[in-house]
Every structure is written in C-alpha cells, then in structure tokens.
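Open the model in your viewer and switch to a cartoon view. Keep the sequence panel at hand for making selections.

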Amino acid sequence: MSSTIDVTSLADLLRRAAKAEILPRFRRLGSDDVRAKSEATDLVTEADLQAERMIKAEAAALWPDAVFVGEESVAADPDLLGKIEGADLAIVVDPVDGTFNFASGIPAFGVMASVISKGETVAGIIYDPMGDDWVIGEKGGGSWLRRPGGEAERLSVAAPVALEEMVGMASTGFLPKPKRSEILANLAKVRFLANYRCAAHEYRAFAGGHVHYLMYNKLMPWDHLAGTLISIEAGAHAARFDGSPYLPHHTSGGLLIAPDKDCWDILRREVFTI
C-alpha cells in the first residue's frame, strides 16, 4: 500500500495538470517559453514549470504532511533533493519527462510521480498525455495499464531470451567518455538498441513486455523511481551496477533492469561492463 497517499487521486492530478498546462502548449511554445538549463539539450519549458506548480499546490492541499520533490523545484532549491531520504512521506514528480521531445514537437513525453514512504518507493505512476492513460505500480500490487474509463490490464515483462535476441534501451550519453565507446561497442552483441530520450515511455515499453533491458547511468529520482518500481512489480530484476538495490536517495551507481536475474547477469557481464 502507498501509506496515506491515494494513488488514484494522485494519478488523476497528473492527468488534470497535463490537460491544463502541458497539452495546450504542445507545438505552441513561443521563443520565450523554452530555455536551457545545464546544456543546450537540457531544457525547461513553461509547461514544465506551470504543470509542476499546479501539481505541487494541489498535492499540498490533499497531503499536507508529504514532502514534495519536483524536478523544477530542485532546480530552484538543490537542498530539497536531500529531504527524500529522511521523509516519512514524500511525493516525487517529473512534470514533463522528455522535455527535449516536447519542445521539439515530438509526441513522446510523460508525467511521472512516485510515492516514498520512510525511504522506500511504494507507488509509481507514469501518465501519457497523448494516449490519455496511466501505467501504475504499487508495492505488492503489481503493475497495471489503466484508462480513464476504468479499464485495467495487468503488465508483465518480456520472457527471457538469449543475449543476441535482446532489444532494449540504454542511455549512454552520461557515461564517462572512455567507457562510453566500450559500452557502445559491446552493444553490438544485442539485437537492437534504442533511446527515446524519454524515460517515461522507455519504462512503459519495458513493463509492457516490449523490450528486454533498460540501462541508465545518471539517476535522478523523478526520472527513475516510478519506472523502477513499476518494472519490478511487472516481474523485472532491477539493481545498480554493483548489484545493490536502487533506493530513492541514490543519484549515482547506475541502473540496469532486465526480465530476470540471469538476463541481468549476462547483460552486466557482456555489455554493461562499467
């Protein structure tokens, strides 16, 4: 269970924020509505800012005891990130995951939220504004594709396959340069490599059984907490590169997710030799 947070209400809040603040701006951003943060491809838009502002305000009204940690809130106050580990209850939000796609007019972006209870991720939500549905996982309750009409479909990861048959996603851009070339060469051992530049849709594809692996090196909680829990609840094996569990306060150590432990071990040994 997700402590005192009603996951259905939180999921509905993400949907309402997307309809009010994100979708009306899609392919309608002005030149003053987009700006770079750390680099030219690290963007923030008015959709990110206004959607997070709405989610934060309504979450505070619904769950006043929860610490709210949003991507744009942390950009304004980096010390906020450290409050996740010690919080009895926290809500972590990415108002627009895939901002580069959103700003480029590419319809591959999402809204993500996770619920943290005493240092443990207990719920994750990934809303797709274009498809108008959610992927939701709760600890011990499985992962589900849910639609506004009430329909629900339980999700399960792909069946294990041989290394040469694996297709999946890997974010190599944040790897150290000497290792990046090595990993890219190793990826010739798998069948297919993709990168949507949107963790929300990568996690949805994995939990739905469409791909066999996900790999990330940079771990910001709004990008990975929801998707990792959803993946685990769909049957996956997820761990940092050293084999340890990925926890809400981790921001380094990498993350590799596969259908089972055997696939994880093969990928770690043969491909992601970090």
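Which residue in E6 is the bridge partner of Ser117? Select Glu120: that is the partner of Ser117. Keep in mind that this is a predicted model.

**Stop 1: strand E5 and its neighbours**

Stay with this pair of strands. E5 and E6 run antiparallel and are joined by seven bridges. They form a hairpin, with two residues between them. Click on Lys118 in the turn: its phi is positive, at about 50°.

Now look at E4. Seven bridges join E4 to E5, and these strands run antiparallel. Select Leu89 and find its bridge partner in E5, Ser117.

Show the side chains of E5. In a regular strand, side chains alternate between the two faces of the sheet. Gly110, Met112, Ser114 and Ile116 point one way from E5, while Val111, Ala113, Val115 and Ser117 point the other way. Are they buried or exposed? Every one of these eight is buried.

**Stop 2: helix H1**

Select residues 7-22. This is helix H1, with 16 residues. From first C-alpha to last, H1 reaches 21 Å, close to the 22 Å expected.

Colour its buried residues: Val7, Leu10, Ala11, Leu13, Leu14, Ala17, Ala18, Glu21 and Ile22. They lie on the same side of H1, because they cover an arc of only 155° around the axis. What do they pack against? Their partners include helix H2 (46-62), strand E4 (89-97), strand E5 (110-117) and strand E6 (120-128).

**Stop 3: the five-stranded sheet**

Next, find the open sheet with the order E11-E10-E12-E14-E13 and mixed pairing. Its edge strands are E11 (192-194) and E13 (237-239), each pairing on one side only. Neighbouring strands here are turned by 15° against each other on average, direction ignored.

Zoom in on E13 and E14 (255-258). They pair in the antiparallel sense over three bridges. Select Ala239: its bridge partner in E14 is Leu256.

**Stop 4: helix H7**

Select residues 221-233. How many of the 13 residues of H7 are buried? The count is 12, so H7 is largely enclosed by the rest of the structure. Among them are Trp222, His224 and Leu229.

Note on methods. Residues are numbered from 1 along each chain as its sequence is written. This is a predicted model: local features need pLDDT of at least 70, side-chain atom pairs count only at pLDDT 80 or more; totals for chains, interfaces and linings use all residues. Side-chain values use heavy atoms; hydrogens and water are left out. Helices (H or I, at least four residues) and strands (E, at least two) are DSSP runs, numbered from the N terminus. The expected span of a helix is 1.5 Å times one less than its number of residues. Buried means under 20% relative accessible area, exposed over 50%, partly exposed in between (1.4 Å probe, protein chains only). The arc is that of the directions from the helix axis to the C-beta atoms. Contact means heavy atoms within 4.5 Å. Two strands pair if DSSP finds at least two bridges between them. Axes are lines fitted to C-alpha atoms, for helices over the stretch in contact, and angles run from 0 to 180 degrees between N-to-C directions.
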